[in-house]
Amino acid sequence: MKKIAYTIIVLLAMTACSKQKTFTVEGTIEGAKDSTVYFYNRSMTGIVLLDSAKIGDDGTFSFQQAAPVGPDLYVLRINNQIVNLAIDSTETVTIKASMPGMTQNYSVSGSENCEKIRQLSLKHSELQQQVFQVEQNSSLMGPVMLDSLQRMLRRYKDGILVDYIFQEPQSSYAYFALSQTLSHVYWPASSVFVMGDSIDNRAYRAVATCWKEYYPESERAQQLYNMVERDINNARIVSARQQKLQEQDVITVSDIIDLKLPDLNGHVHTLSELRGKVVLLDFHLFSTSESGARILKLRELYERYHDRGLEIYQVSIDQDEHLWKQAVEALPWICVYDPDGESCARYNVSALPEFFIIDRNNALQKRSSQIDDLNAEIERLL
């Protein structure tokens, strides 16, 4: 009797396993004999190794994994060469690649999403190379270089929006396009598409809405939808706050209105403690597309005048504290955090960025609209 019961349990287990949905990634990689190919899941919490295989004489490999609940992202890697993939359910994806340079030299069949991701990856690689060339052009000064980079990035994004994201916002490749990052001098490892940019927001909302409808059980869908909802709520809060501030009288030149706010490490800084220095009080949002240009200008001012007595006290009202911490980690001036925006209300700030000049006696001198030449104003107060 026990033997029969055991046999039934084994058969049930085998039946359950046989019904488990799987997907397959297979193919051939030329020039990779004796190399190890790794297969990863780009999970919500980081890269997770799923399997690996040694490439034999014929260059073939094959991986089989449990199908994801919703569309998910994966990576093939040999050394520093990668191939990005997306799996929706139970498809078989076939890769034909060659080494060296597998990242550029591969074809894919069995998945439209993976083919579109291949195209996106190549376009992204070209963009990264163009960015590098601009940054290496010694004839371009800081502001001119930054303007060139911003124009280049906007052209790239406009093309991706039209040809990929808005074509099929419910697709895995639309989600992949939103997740691309761009590493360069001014915004290390930052997102290509930025939540808070008026044009980019349309893309996030389109993909989030479609993914929530098509893949309601997907963690990626829920996370993206939550991000968009949070951004919409933050925009409403900022709009209401600005409307309230616009109804108030414009601030007049007077003694300092002191602020007491924490920095990256929780240390509290006040404006009053900076008596004896000329202070540029700057109100800022790092989540906007204009942030990079603004930070570059502040760097130039800081490097030129800090040794002579200039200090920058920069107040961020970003709602995403993690984004703010990453953005200010390498900045040399005082960076403090005020997500509730109470400091904006105290200084009657109705639009960002905004700045004020404070003299060595801790007296408020001028706001941005009263300053024609900021360098000249700083020189005068120093």
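Buried means under 20% relative accessible area, exposed over 50%, and partly exposed in between (1.4 Å probe, protein chains only). The model is predicted: local features need pLDDT of at least 70, side-chain atom pairs count only at pLDDT 80 or more, and totals for chains, interfaces and linings use all residues. Residues are numbered from 1 along each chain as its sequence is written, and side-chain values use heavy atoms, with hydrogens and water left out.

**Exercise 1.** Work out whether Asn-79 and Asn-362 are buried or exposed.

*Solution.* Start with Asn-79, in the loop between β5 (72–78) and β6 (81–87); strands are DSSP runs (E, at least two residues), numbered from the N terminus. Its relative accessibility is 55%, so Asn-79 counts as exposed. Now turn to Asn-362, in the loop between β16 (354–358) and β17 (364–367). Asn-362 has 4% relative accessibility, so it counts as buried. Finally, check phi: it is positive, about 55 degrees, at Asn-79, and about 70 degrees at Asn-362. Most residues other than glycine have a negative phi.

**Exercise 2.** Find out why strand β14 (residues 310–316) is largely enclosed by the rest of the structure.

*Solution.* First, recall that side chains in a regular strand alternate between the two faces of the sheet. Next, look at each face of β14: Leu-310, Ile-312, Gln-314 and Ser-316 are buried on one side, and Glu-311, Tyr-313 and Val-315 on the other. Seven of the seven residues are buried, so β14 is largely enclosed.

**Exercise 3.** Locate the cis peptide bond involving Pro-100.

*Solution.* Go to the loop between β7 (92–98) and β8 (106–109), where Pro-100 sits. The cis bond joins Met-99 and Pro-100, with omega about 0 degrees.

Notes. Helices (H or I, at least four residues) and strands (E, at least two) are DSSP runs, numbered from the N terminus.
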